[in-house]
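This briefing sets out selected features of the structure shown below. The points are grouped by topic.

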Amino acid sequence: YEIDANQELIGLGIANMVGSLFQSYPITGSFSRSAVNNDTGAKTGAAAMVTATTVSITLLCLTSLLYYLPNNALAAIVLSAVSGLFDYQELKFVWHVSKKDCLLWVVSCLGTMFLGIELGIAIAV
């Protein structure tokens, strides 16, 4: 099955609007987690429980070992995890559909990576 990010955003928006009527906490989602769950074939919410358990055990048992890991090794782990989330085919598709939108997308992405989230969003808007 395919995950439709628009449907996820609509769901989060509706949940926040309804929750605001009852003074609830804002509801957020993790698109990277959704992408990882999709790539690994997760079908139910049990994947979130498995992930939470794995992260908790890792933090409790392996933090002392990871403390001495060099920063460049940690960066390599993060980059290898994030590289699978970037969709090169979509970039080529957007380039063919609208070069102006593609340029905005690339500038926003680079702005977020090198200047921070706030400035990256400001550039995108």
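Is Y68 buried or exposed? Y68 is exposed, as its relative accessible area is 68%. The model described here is predicted. The points below begin with the aromatic pair to which Y68 belongs, then turn to the packing of helix α5 with helix α6, and end with individual residues.

**Aromatic pair**

- The structure contains 1 aromatic pair. Its members are Y67 and Y68, whose ring centres lie 4.9 Å apart and whose planes stand at 90°, so the arrangement is edge-to-face; the angle required for that class is over 60 degrees.
- Y67 has a relative accessibility of 63% and therefore counts as exposed, the cut-off for that class being over 50%. Y68, at 68%, is exposed as well.

**Packing of α5 and α6**

- Two packed helices are described by the angle between their axes and the distance between the axes.
- Helix α5 spans residues 88–97 and helix α6 spans residues 99–115. The two pack at an angle of about 140°, and their axes are 5 Å apart.
- The orientation of α5 and α6 is therefore oblique, since an angle must be over 145 degrees to count as roughly antiparallel.
- On the α5 side, the contact is made by L91, V94, W95 and V97. These residues meet K99, D101, C102, W105 and V106 of α6.
- Sorted by class, the residues in the contact of α5 with α6 comprise 7 nonpolar and 2 charged residues, with no polar ones.

- With 17 residues at 1.5 Å a residue, α6 should span 24 Å. Its end C-alpha atoms lie 23 Å apart, which agrees with that expectation.
- C102, S108 and G111 are the buried residues of α6. The partners against which these buried residues pack are α5 and α7, the latter covering residues 117–124.
- S108 lies in helix α6 and has a relative accessibility of 11%, so it counts as buried. When residues up to four places away in sequence are set aside, S108 touches G120, I123 and A124.
- L119 belongs to helix α7 and is partly exposed, with a relative accessible area of 46%. Between L119 and S108 there are 8.8 Å from C-alpha to C-alpha, at a separation of 11 residues in sequence.

**Backbone at Q23**

- Most residues other than glycine have a negative phi.
- Q23, although not a glycine, has a positive phi of about 55°.
- Q23 is located in the loop that runs between α1 (5–20) and α2 (31–40). Its relative accessibility of 77% means that Q23 counts as exposed.

**Other residues in helices**

- D39 is placed in helix α2 and, at 58% relative accessibility, counts as exposed. D39 and D87 are separated by 48 residues in sequence, while their C-alpha atoms are 12 Å apart in space.
- A75 sits in helix α4, which covers residues 71–83. With a relative accessible area of 36%, A75 is partly exposed.
- A75 and F114 are 39 residues apart along the chain, and the distance between their C-alpha atoms is 15 Å.

How values were computed:
Residues are numbered from 1 along each chain as its sequence is written. This is a predicted model: local features need pLDDT of at least 70, side-chain atom pairs count only at pLDDT 80 or more; totals for chains, interfaces and linings use all residues. Side-chain values use heavy atoms; hydrogens and water are left out. Rings of Phe, Tyr and Trp (its six-membered ring) pair if their centres lie within 6.5 Å; planes under 30 degrees apart count as stacked, over 60 as edge-to-face and the rest as tilted. Buried means under 20% relative accessible area, exposed over 50%, partly exposed in between (1.4 Å probe, protein chains only). Axes are lines fitted to C-alpha atoms, for helices over the stretch in contact, and angles run from 0 to 180 degrees between N-to-C directions. Helices (H or I, at least four residues) and strands (E, at least two) are DSSP runs, numbered from the N terminus. Angles under 35 degrees count as roughly parallel, over 145 as roughly antiparallel, 65 to 115 as roughly perpendicular and the rest as oblique. Contact means heavy atoms within 4.5 Å. Ala, Val, Leu, Ile, Met, Phe, Trp, Tyr, Cys and Pro count as nonpolar, Asp, Glu, Lys and Arg as charged, and the others, Gly among them, as polar. The expected span of a helix is 1.5 Å times one less than its number of residues.
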